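Please open the structure in a viewer and follow the stops below in order. Each stop says what to select and what is found there.

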Amino acid sequence: MKTNKEDLFITHLFNAPRELVFEAWTDPRHLQHWYAPDGCTIVFKSIDVKVGGTFHSVIHDPVHGECWITGVYQEIAFPEKLVFTMELSNEQGTPLNATEAGKSKDWPAVTIT
């Protein structure tokens with residue numbers, strides 16, 4: 001796999017069927033249990049898992065406040081591959097730059113996962 005200095009590669013082996021792992025990434029009933037950092041909660045305002053579909057979520061952090069994110073699903077190959085973007089936004093889903101969202105100016109404008 002070719003990477004550049006902005007790539008981050010994380011791997012984890014799960015003792016679970018691929019279909020269940022894929023569902024854990026696409027079903028808000030599963031996402032709410034693991035997708036937010038420890039001590040935080042996440043709520044999905046909307047989620048439409050299809051190519052071109054979008055999601056809008058908020059992580060509630062007791063220390064740093066709310067972090068709203070929007071994203072677009074770019075590739076879906078059940079149960080093998082899921083590619084989506086993540087972008088800081090406001091509660092209405094309007095994209096924000098990092099400083100407008102209260103983040104470091106080094107925060108990426110769009111992250112591809």
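**The surface and the whole chain**

Begin with the surface display of the protein: its accessible area comes to about 8,200 Å², and 55% of this belongs to carbon and sulfur atoms. Please bear in mind that this is a predicted model.

Now switch to a cartoon. The protein contains 2 helices and 5 strands, and their order along the sequence is α-α-β-β-β-β-β.

**Burial, contacts and charges**

Colour the residues by accessibility. Of the 113 residues, 26% count as buried. If contacts are drawn between residues at least 6 apart in sequence, 27% of them join residues at least 24 apart.

Select the charged side chains next. There are 9 positive and 15 negative ones, and the centres of the two sets lie 5 Å apart.

**The aromatic rings**

How many aromatic pairs does a search of the whole structure find? The search finds 9.

Select Trp-25 and Phe-84. These two form a tilted aromatic pair, with 6.2 Å from centre to centre and 50° between the planes. Trp-25 belongs to helix H1 (residues 18-26) and Phe-84 to strand E4 (residues 81-89), so this pair ties together parts that are 59 residues apart in sequence. Are the two partners buried or exposed? Trp-25 counts as partly exposed, because its relative accessibility is 30%, whereas Phe-84 is buried at a relative accessible area of 4%.

Move on to Phe-55 and Tyr-73. They also make a tilted aromatic pair, 5.7 Å centre to centre and with 55° between the planes. Phe-55 is in strand E2 (residues 54-61) and Tyr-73 in strand E3 (residues 65-77), so the pair ties together parts that are 18 residues apart in sequence. Phe-55 counts as buried at 4% relative accessibility, and Tyr-73 is buried too, with a relative accessible area of 3%.

**The last selection**

Finally, select Trp-25, Trp-34, Tyr-35, Phe-44, Phe-55, Tyr-73 and Phe-84 together: ring pairs link these residues into a cluster. The residues of both pairs visited above, Trp-25 with Phe-84 and Phe-55 with Tyr-73, are among the members of this cluster.

Note on methods
Residues numbered from 1 in each chain as written. Predicted model: local features only at pLDDT ≥ 70, side-chain atom pairs only at ≥ 80, totals over all residues. Heavy atoms only, no water. Helix = DSSP H or I, 4+ residues; strand = E, 2+ residues; numbered from the N terminus. Buried < 20%, exposed > 50% of the residue type's maximum accessible area, 1.4 Å probe, protein only. Contact = heavy atoms within 4.5 Å. Areas by Shrake-Rupley, 256 points an atom, 1.4 Å probe, with all protein chains shown as cover. Lys, Arg positive; Asp, Glu negative; His and termini not counted. Charge placed at Lys NZ, Arg CZ, Asp CG, Glu CD. Phe/Tyr/Trp six-rings, centres within 6.5 Å; stacked < 30°, edge-to-face > 60°.
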